[in-house]
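Work through the exercises below with the structure open. Each task is followed by its solution.

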Amino acid sequence: MVVEDSQLIEALEHPIINEALFLASPDLHSQLLLWKKGALSDPSKVNRLRLALLKYLARISSRSTPFGLFAGCTIGTLDRETELLLTDKDAHHRVTHFDMHFLVALSQYLQKQSHIKKQLKWYPNSSLYKTGDHWRYVEYTYVNGNRIHSIEGVSSSSYLEKLLSAAKEGLTIDALSAIIIDDEVTKEEAFQFIDQLIENQLLISELEPSLTGSDFLSQLIAVLAKIQDAESIVLQLKTFEQRLAQLDKQLGNDIENYKSIVEAVKQLHIPVKEKFLFQTDLFIKTKASSLSNKWMGKMKRCMRLLNKLTPPPEETNMQLFKNAFLKRYETKEMPLTTVLDVEMGIGYLQSQRGDTYTPFVEDLRISRDSTNNTKLPWNTISAVLNKKVQQAIKNNSQSIELEEQDFQIDEHRWDDLPDTMASMVSMTNIEGKEYLLCSSIGGGSAAKLLGRFCHGHKDLKMHVEEIVTKEADINSNTLLAEIVHLPEDRVGNVIKRPALRSYEIPYLGKSLLPKDQQIPVEDLMISVKGNHIQLRSKRLNKNVRPYLTNAHNFSNSKSLPIYRFLCELNMQNKRSGVYFNWGSLTTIYEFLPRVVFQDIILSAAQWNFKVSNMNSLFDSLKEDDTQILKAVQHWQQESQLPQHVQLADNDNTLLINLHNVSSIKMLLHTVKQRKRFVLKEFLFSENSPVKDEQGNYYANELVIGFYKT
């Protein structure tokens, strides 16, 4: 079977798919329209477009992780029976914002307009701290559109001290200049000095992006509404707000509605890419959304097994830091900024060397075959799993069953797990029996995966607030503070959330909480008590526990040391959760069977392939479709692959139909430059527990939260 061009065009003409594709990639969408009109003649370009469209269609029809209009979310309950019934798609609702990339560019443009600049309030850079007679802080610049941070320093002076102290409450340029005008400093010199501080980012305006609270466009409008002679830009931004709200009245908007907004934005003369202009989230309306209570008992038993299978980490960043701290400072309490300063203190990530930005490696393709350099332990768990895999191969079985008594090891502690955790699970039906796919439970907070969706669903927001309240109750003697930081402009799309906690730690990001509920990094003191790193607010004289209630991957090598330290501190002396892991067996076996514990699937069956062993498949691409299918059929039978599989890339998956030539070409084109790739069985079928009123079935993901008692 081949996906014909007519089928692809039919999908492209579906109003909702058409709009979803535009929001995902306006550039691809415009090229697809040219192809549809027959305006493209280059066969290789047309083939790439077809494969790109196929990938998006595979994504929209098989993955439940929210992404634009491809998939959405809602809130569910625990009840006596499982009932997951969607209403008609017209009842779903959506929320469209400007992309943070554009909003950050807009805020920077606005604060440079002289009549706006002089009326804005200016504050000290939130990363600013003093060491000796110098002030140090983080400045950001843009390289190829990417936000790059660097640590800068400036000598202190009486004038600078006065300005920074006064600016803590926010002052205009006129008010700041009046502070330092004297017999030796003229008004013009004062303005020049303050301009220099602004240019070098020691002073930051009230238009600085905020990641917690209301939508940033609304924040910009609120600030500008107080500025004289800014009525026209306020009116323009309010018009944008109204036009975005108009888009949210339906699914399947005419793309011209977006184009007209794009043209209006261009009138602002702000450099912006169309693909970085709109950000949309979809929220699903259901007739019923309940999960049977019986699964909670099954999940608890599963958690007990996974707890056995998850040993504590042997050496963590926090442990290395703790050792370095004790060696340098012993029992002293020190300012956090001094300790993490790479010149004055001990820094962070003692096991790593060099965090310098190196643009020449940005586009380098890194081999995915890292197993040669990775030492994976062989332990009692590996031995048990290995025996079961060998038995499965002997019996030609595609699955293995685990039982608690298989592992004659003591259950690990429970007190080294997070206070709240979440598991992202999926429900499926195999041969008439319901299963829950669950490979891990953890995450540091049950709210991390949900924070970004609070703005579009009040019940979901209430659920997240319940989680946050539970965490505060468990830690009643400690201040729980949300970390407010913008690592990259576009990352802001997925890390923005409401103000969820009573305190916030702003660090290159603006907090909207009252000043007495903000904890500057310069106010934080650090010490080691026993085996515990203690963080204390000097002003409030209380211990502080930082939280990051979003799913940002802060372990990225470009993360600033203070930001990463604050994020990781929450999990010191703890396991991140409990999980199933094949460990060293992934380097031994080409095939690993499905792993089942009672009614829970801990791991889907997976096949590990070396691209170098698949030359015959790649050679078949030079033949006609019949020969391609024949070659794949032989490969499928030899490897015992099912018809539907998923190409797995960490958290991303791509659905492949091995009976469809177009889908096969998509797979081979995607993996041809790799050394290895992994296929996993696709466990959803046409009798999925999730369906709509018309009897259509859907893939699903459920986020289930747990708290410590």
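**Exercise 1.** State what share of the residues is buried, and judge the overall build of the protein.

Solution. 
- The model is predicted.
- Buried here means under 20% relative accessible area. Of the 709 residues, 50% are buried.
- The accessible surface is about 34,600 Å², and carbon and sulfur atoms hold 48% of that surface.
- Next, count elements: 22 helices and 32 strands.
- The radius of gyration is 28 Å, close to the 27 Å that the globule rule gives for 709 residues, so the protein is as compact as a globular protein of that length.
- Along the principal axes, the C-alpha atoms fill a box of roughly 90 × 65 × 50 Å.

**Exercise 2.** Find the largest nonpolar core and describe what builds it.

Solution. 
- This core has 150 residues. Phe98, Phe278, Leu602 and Trp635 have the most contacts inside it.
- Helix H13 (residues 294-309) gives the most to this core, with eight residues.
- Take Phe98. Its contacts include Leu103, Leu217, Phe240 and Phe278, leaving out residues up to four places away in sequence.
- Another core, of 34 residues, lies apart; Met318, Phe321, Leu508 and Cys567 are among its members.

**Exercise 3.** Which strands stand at the edges of the sheet, and why is one side of each left without a neighbour?

Solution. 
- Write the order of the five strands: S23-S26-S29-S27-S28, an open sheet with antiparallel pairing.
- Read off the ends. S23 (591-592) and S28 (652-657) each have a single partner strand, so one side of each lacks a neighbour in the sheet.
- S27 (residues 644-649) and S29 (residues 676-681) pair in the antiparallel sense over four bridges.
- Within this pair, Val645 stands opposite Glu681 in S29.

How values were computed:
Residues numbered from 1 in each chain as written. Predicted model: local features only at pLDDT ≥ 70, side-chain atom pairs only at ≥ 80, totals over all residues. Heavy atoms only, no water. Pairing = 2+ DSSP bridges. Helix = DSSP H or I, 4+ residues; strand = E, 2+ residues; numbered from the N terminus. Core = buried A, V, L, I, M, F, W, Y, C linked by side-chain atoms within 4.5 Å. Buried < 20%, exposed > 50% of the residue type's maximum accessible area, 1.4 Å probe, protein only. Contact = heavy atoms within 4.5 Å. Rg over C-alpha atoms; globule rule 2.2 N^0.38 Å. Areas by Shrake-Rupley, 256 points an atom, 1.4 Å probe, with all protein chains shown as cover.
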